Amino acid sequence: MHFNKKVIQRAMPIYIGYLFLGLACGILGQQAHIAPIEAFIMSILAYSGSGQFICIAMLLDNASLFSILVTNFMVSLRYMFFSTAMYPHIKNCSLPYSVIFAQNITDETFAVNLDSFNKDKDWDPQQGLALGFSPCLVWASANFIGCTAAAWLNPPTELVSYILVAMFLGIWSSYLHDTVLLIAGLLGGILSVLLSFVVPFKLHIVLAP
Amino acid sequence: MDNESLYIYGATLMMVIGTFSCRELPLLLLRGRKLPDWFNIWLKYIPTAIFGALIFPDIFLKDNALNFSLQNYGLWATICAFPIVYKTQSLPVALVAGTVFFCIFKYVI
């Protein structure tokens with residue numbers, strides 16, 4: 001891993017974004033009784049923004065671990081596409097290095113890394129890993145701080161759980177490029193409401209899509 | 001370790017399995033081959049359907065029943081915020097608009 005000034009420059013927008021999202025994620029996580037150290041460990045190991053927000057919502061709902069696994073797997077499917085696109089750039093690395101590299105792929109680090117590999121001749125997997133991993137530290141630390149701060153602030157639960165919905169609304173909107181996608185989303189929502197009456201363990205979130 | 005911590009660490013483990021398999025499978029199995037077309041088409045609709053499936057029950061249901069009363073602040077806040085969020089497609093806008101409308105319905109109306 002090669003951490004240098006160029007990496008910092010390219011990753012700066014990601015640091016800023018993850019700082020604020022991480023603080024929010026930590027505050028919401030505290031509502032689901034996640035301890036700061038647990039939020040930190042979860043952020044390092046899973047390193048998935050939307051995955052963690054969804055996990056918190058499901059913890060608040062007392063969902064089964066199986067539902068959490070399947071939902072997370074499904075929102076993570078897009079990483080398959082990212083890993084496939086990143087493969088040509090890291091195919092000469094050792095297997096353990098590639099595995100660690102792939103584990104640090106997120107929507108944002110993928111976009112910046114791919115752009116750097118395509119446009120910068122001097123960009124290599126060493127700097128690529130630094131660009132993938134350093135935002136992870138920002139993300140995990142922000143989660144820790146948010147989680148610690150929330151225990152002190154004690155924000156009203158009803159409002160905080162709605163902010164989680166507003167967060168989903170924001171992430172959702174970034175996928176709604178055309179009417180067909182909007183209809184798919186609305187159908188997923190309606191199906192999920194109907195299924196929630198008949199299936200246990202919050203499985204409706206998994207079955208609807 | 002108490003039950004609550006076990007539940008949270010269990011959930012963390014589930015997330016690790018979920019994200020790890022998606023990130024690593026293309027490296028270990030595909031070795032650079034392209035993903036099948038049907039997968040890419042299906043993949044396009046998965047995130048939007050999942051977020052719909054997460055949001056709808058949260059705003060329409062209270063205690064396992066449909067709730068259209070004015071006390072269901074989240075529902076009305078979402079309906080008011082949605083056009084703005086849809087137009088801007090921005091996460092910060094969604095947070096601010098959603099929170100502002102929620103507070104208006106809860107504290108003003």
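Modeller: We begin with contact: two residues are in contact if their C-beta atoms, placed from the backbone, lie within 7 Å. This is a predicted model, in which local features need pLDDT of at least 70 and side-chain atom pairs count only at pLDDT 80 or more, while totals for chains, interfaces and linings use all residues. Residues are numbered from 1 along each chain as its sequence is written, and chains are lettered from A and ligands numbered from 1 in the order in which they are written.

Biologist: Which residues is Ser83(A) in contact with, leaving aside its neighbours within four places in sequence?

Modeller: Its partners are Ala102(A) and Ile105(A), together with Arg23(B), Pro26(B) and Leu27(B) of chain B. Ser83(A) itself sits in helix H4 (residues 65-90) of chain A; helices (H or I, at least four residues) and strands (E, at least two) are DSSP runs, numbered from the N terminus.

Biologist: Is Ser83(A) buried or exposed?

Modeller: A residue is buried if 20 or more other C-beta atoms lie within 10 Å of its own, exposed if 12 or fewer, and partly exposed in between. Ser83(A) counts as buried because it has 25 C-beta neighbours inside 10 Å. Across chain A, buried residues make up 49% of the 209 residues.

Biologist: What secondary structure does chain A have?

Modeller: Chain A has ten helices and zero strands. Of its contacts with a separation of 6 or more, 77% join residues 24 or more positions apart.

Biologist: Which residues touch the most other members of the largest nonpolar core?

Modeller: A nonpolar core is a set of buried Ala, Val, Leu, Ile, Met, Phe, Trp, Tyr and Cys residues joined through C-beta atoms within 7 Å. In the largest one, of 86 residues, they are Phe168(A), Leu169(A) and Ile55(B). Helix H7 (residues 125-153) of chain A gives the most to this core, with ten residues. Not counting residues up to four places away in sequence, Ile55(B) touches Val165(A), Phe168(A), Leu169(A), Trp172(A) and Gly189(A).
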